[in-house]
Amino acid sequence: MPASARIPPIALPFVSEQAKRTLDLVEEFVEKECIPADSVFQAQLGEGEKRWTTTPDVLEGLKAKAKKLGLWNMFLPKNHFTQGAGFSNLEYGLMAELLGKSKVASEATNNAAPDTGNMEVFAKYGNEAQKKQWLEPLLEGKIRSAFLMTEPDVASSDATNISLEIRRDGNEYVLNGSKWWSSGAGDPRCKIYLVMGKTDPTNPDTYKQQSVILVPAGTPGVTIHRMLTVYGYDDAPHGHGHITFKNVRVPASNMVLGEGRGFEIIQGRLGPGRIHHAMRAIGAAERALEWLIARVNDERKKTFGQPLVSHGVILEWIAKSRIEVDAARFVVLNAAIKIDQGNAKSALKEIAQAKVLVPQTALTIIDRAIQAYGAAGVCQDTPLAYLWAGIRTLRIADGPDEVHLQQLGKRENKSRKDEIIAKLNWQQGEADRLLAASGFKPKSHL
Ligand SMILES: Cc1cc2nc3c(=O)[nH]c(=O)nc-3n(C[C@H](O)[C@H](O)[C@H](O)COP(=O)(O)OP(=O)(O)OC[C@H]3O[C@@H](n4cnc5c(N)ncnc54)[C@H](O)[C@@H]3O)c2cc1C
């Protein structure tokens, strides 16, 4: 059954015929071209230092194919941008799920983070010169980019702590400080950093102290010290850089939007970006479920005389995984519909729900698949260990679960408490009145 025939009925009314056709093309491209190419990508990267200087040919070939098929820049939603492929967040959500099944598919179709979020920043907040210089080559997939916010010396999940200094000096800004987890900075094609720091550290409004400024890669004073690993994976050539800035000078015109507008930019950037990750995580969960089903039906590898699928618990794993992945998909698609009907700000609750729920769900499913493979599940012979490591980081990256839960909890509590308390008091009073009218004693209440 093609992907267009599997669209959940709840989402179907919002999906155009063109999006359905494209969805089927994406599925074919991912399953037949990208997943087999994942291994070639790793092989072409090779070993050692070469991993940071190589752009695997297989990827460039896939990019050319994807462009020809019209599978390019689907992430830019049609109601806010003219530069994208003309789909809604919901339609892209369905496609992103499929992209999430392969390592190379998102980049092959120019829908890869952090470029997607950075392109949104340029499209939304950049001036004409910034768009010309950076957005255009990013949209064409000619260069890559990084977003530098997190710092090693402060708890960065509270973005008011970010403290890299951005000081005005005549017609320039001077940057001093350090960043880490700068994803994408390892790629030789990464040409531009969007750097968040403080232009006004004493402003009494802590949300107005920060700015985002553009720093071309290779600017004097910028040093990439090392690449951080994720559970031992280097994620080359993309990588996660630890970078310092020592008296780095850039022209004043590199400021994005204006001094003190940093929070506005990160909030605008991370809205849809968070659900892109969630959508891809659904695809990772589906892929893990496929591998689980393949292993438990493997007639060669029986335990106690039976294929694994004959043991009751295994069917329960399959059933629970199906329920959980379908439920998680509803949450993501609901967030996408809500963004489409307003904007990311009007869908904060739904985005946070997806950001928290989906990685946790996907991890549970991937973990079951790993368990079904035994030791093979934790090594390089299946995609499961790498999928697990990648999805695990989503519980931290773009804000840890606890921060989103705290905000969700606060909002839910504040918006509902008065109404709920009033309603429950009324219901208890009404119950007492009815009990008394029928000759019974009123209930004792807490
Ligand atoms: C693979 C990967 C890629 C990344 N890519 C980028 C990137 O490209 N650019 C970038 O700038 N950053 C990136 N990051 C960094 C990421 O955004 C930060 O790690 C994240 O925001 C958390 O900040 P921190 O690591 O400083 O943790 P801290 O702020 O030190 O928090 C530590 C822990 O404290 C707990 N905590 C925090 N607040 C609360 C609370 N209110 N209540 C209870 N517990 C709480 C949470 O469990 C949290 O995990 C990436 C991270 C990873 C793992």
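1. A crossing of two helices is called left-handed if the near helix is turned anticlockwise from the far one by less than a right angle, and right-handed if clockwise. By that rule, α5 and α6 cross in a left-handed way. (Helices are DSSP runs of H or I with at least four residues, and strands are runs of E with at least two, numbered from the N terminus.)

2. A word on the model: it is predicted, so local features need pLDDT of at least 70 and side-chain atom pairs count only at pLDDT 80 or more, while totals for chains, interfaces and linings use all residues. Residues are numbered from 1 along each chain as its sequence is written.

3. Back to the helices: the axes of α5 (residues 115–125) and α6 (residues 128–139) come within 10 Å and cross at roughly 145 degrees. Axes are lines fitted to C-alpha atoms, for helices over the stretch in contact, and angles run from 0 to 180 degrees between N-to-C directions.

4. Next, α7 (residues 262–296) and α8 (residues 312–341) have axes that come within 10 Å and cross at roughly 160 degrees. The pair is therefore roughly antiparallel (over 145 degrees). This crossing, too, is left-handed.

5. Among the residues of α7 that meet α8 are Pro272, Ile275 and Glu286, and α8 contributes Trp317 and Arg329, among others (contact means C-beta atoms, placed from the backbone, within 7 Å).

Terms used. Angles under 35 degrees count as roughly parallel, over 145 as roughly antiparallel, 65 to 115 as roughly perpendicular and the rest as oblique. Two residues are in contact if their C-beta atoms, placed from the backbone, lie within 7 Å.
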